[in-house]
Amino acid sequence: MKPTFKRALGALALGTLLSLSAHAQQVLRVSAIPDEAPTELQRKFKPLGEYLAKKTGLKVEFTPVTDYAASVEGLVNNKLDMVWFGGFTFVQAKDRSKGQVVPLVQRVEDEKFRSVFITTSPAITKLADLKGKTLSFGSESSTSGHLMPRSFLLAAQVDPDSDLKRIAFSGAHDATVAAVAGGKVDAGALNISVWEKLVSEKKVDPAKVRVFYTTPGYYDYNWTVRADMPADLKKKITDAFLALDPATPEGKEILALQRATKFIPTKAENYLAIEAAAKNAGLLKK
């Protein structure tokens with residue numbers, strides 16, 4: 001084989017490899033905290049993923065993770081490009097990455113998000129009534145299923161670790177409802193949005209499982225990326241979310257699945273109260 005031909009073949013092979021490598025990089029790797037069943041997360045994301053692919057020109061892949069911590073580690077360690085975080089998981093990712101993550105957008109609903117406490121017991125009508133009872137949170141790293149409910153319990157002079165008979169962690173909001181409905185615990189705390197969805201879908205009977213306390217509002221969920229993402233891609237993603245319009249069939253479907261009226265810009269400073277609450281509750285180092 002002539003040297004010039006060999007060089008040409010080598011150049012072609014290298015060019016092909018570089019092309020394949022470049023193609024492989026044109027993927028937006030997305031995930032979300034597993035606050036609901038994996039099948040539900042996939043169902044919610046599918047039309048959004050197709051929309052983002054169209055708006056960014058990238059292939060969008062949704063990768064479910066096993067737990068909240070995995071979503072944080074995935075973004076921090078460059079295995080994921082964008083993650084749907086709760087307020088607390090965003091704070092954890094910000095802490096783990098030394099500030100190298102950026103929240104892009106949140107739903108309007110996330111400006112004043114709330115948690116609900118539920119029970120089947122007629123003896124429980126206020127937070128103080130939980131003393132001596134059993135309670136299920138969601139995931140340990142959940143904002144609306146653990147951190148903020150814990151904060152409001154402490155504010156009501158109820159220490160979950162010493163005043164309750166037992167606390168459990170169900171891992172997800174829908175699992176908390178199932179634990180309460182099934183009599184495994186006296187009460188549970190979860191995201192108000194999931195509660196309202198389960199009631200509307202008749203997956204829980206509010207005549208049997210009822211809300212006895214709703215928390216004040218706080219900042220919660222957002223879509224977060226790493227700070228080193230190219231600025232033009234950050235803008236494309238942000239603009240895509242902000243352009244979602246319930247007046248269009250596509251926008252209506254995506255916003256309904258995301259349980260959002262619309263998306264708005266957000267910033268890290270919005271989550272300083274969550275960070276303070278996490279430190280006060282001993283869930284984040286001071």
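This is a predicted model: local features need pLDDT of at least 70, side-chain atom pairs count only at pLDDT 80 or more; totals for chains, interfaces and linings use all residues.
Residues are numbered from 1 along each chain as its sequence is written, and side-chain values use heavy atoms, with hydrogens and water left out.

**Exercise 1. Overall layout**

Task: State how many helices and strands the protein has, and which domains are assigned.

Solution: 
- Step 1. The protein has 11 helices and 11 strands. Helices (H or I, at least four residues) and strands (E, at least two) are DSSP runs, numbered from the N terminus.
- Step 2. The C-alpha trace spans about 90 × 45 × 35 Å along its principal axes.
- Step 3. The assignment gives domain 1 (27-111 + 220-281) and domain 2 (115-214); such bounds come from an automatic or database domain assignment.
- Step 4. Between the C-alpha centres of domain 1 and domain 2 there are 25 Å. The contact takes 20 residues from domain 1 and 19 residues from domain 2, where contact means heavy atoms within 4.5 Å.
- Step 5. Of the 286 residues, 49% count as buried. Buried means under 20% relative accessible area, exposed over 50%, and partly exposed in between (1.4 Å probe, protein chains only).

**Exercise 2. The sheet of 6 strands**

Task: Give the strand order of the open sheet of 6 strands and follow the pairing of S3 with S1 and with S10.

Solution: 
- Step 1. The order is S2-S1-S3-S10-S4-S11, with mixed pairing; two strands pair if DSSP finds at least two bridges between them.
- Step 2. Strand S2 (59-62) and strand S11 (263-265) are the edge strands, each pairing on one side only. On average, neighbouring strands of this sheet are turned by 25 degrees against each other, direction ignored.
- Step 3. S1 and S2 run parallel and are joined by 4 bridges; valine 27 has lysine 59 in S2 as its bridge partner.
- Step 4. Helix H2 packs on the sheet, touching S1, S2, S3 and S10, and its direction makes about 165 degrees with that of S2. Axes are lines fitted to C-alpha atoms, for helices over the stretch in contact, and angles run from 0 to 180 degrees between N-to-C directions.
- Step 5. Helix H9 (residues 231-242) also packs on the sheet, and its direction makes about 10 degrees with that of S4.
- Step 6. Strand S1 (residues 27-32) pairs with S3 in the parallel sense over 3 bridges, and valine 30 has methionine 82 as its bridge partner in S3.
- Step 7. S3 pairs with strand S10 (residues 222-226) in the antiparallel sense over 4 bridges. Here tryptophan 84 has tryptophan 223 as its bridge partner.
- Step 8. Both faces of S3 (residues 82-85) are covered: Met82 and Trp84 are buried on one side, Val83 and Phe85 on the other.

**Exercise 3. The cores**

Task: Which residues touch the most other members of the largest nonpolar core?

Solution: 
- Step 1. A nonpolar core is a set of buried Ala, Val, Leu, Ile, Met, Phe, Trp, Tyr and Cys residues joined through side-chain atoms within 4.5 Å.
- Step 2. The largest such core has 65 residues, of which Met82, Trp223, Phe241 and Phe263 touch the most other members. Helix H2 (residues 38-56) gives the most to this core, with 5 residues.
- Step 3. This core draws at least three residues from each of domain 1 and domain 2.
- Step 4. Another core, of 12 residues, lies apart from it and includes Ile124, Leu164, Ala187 and Phe212.
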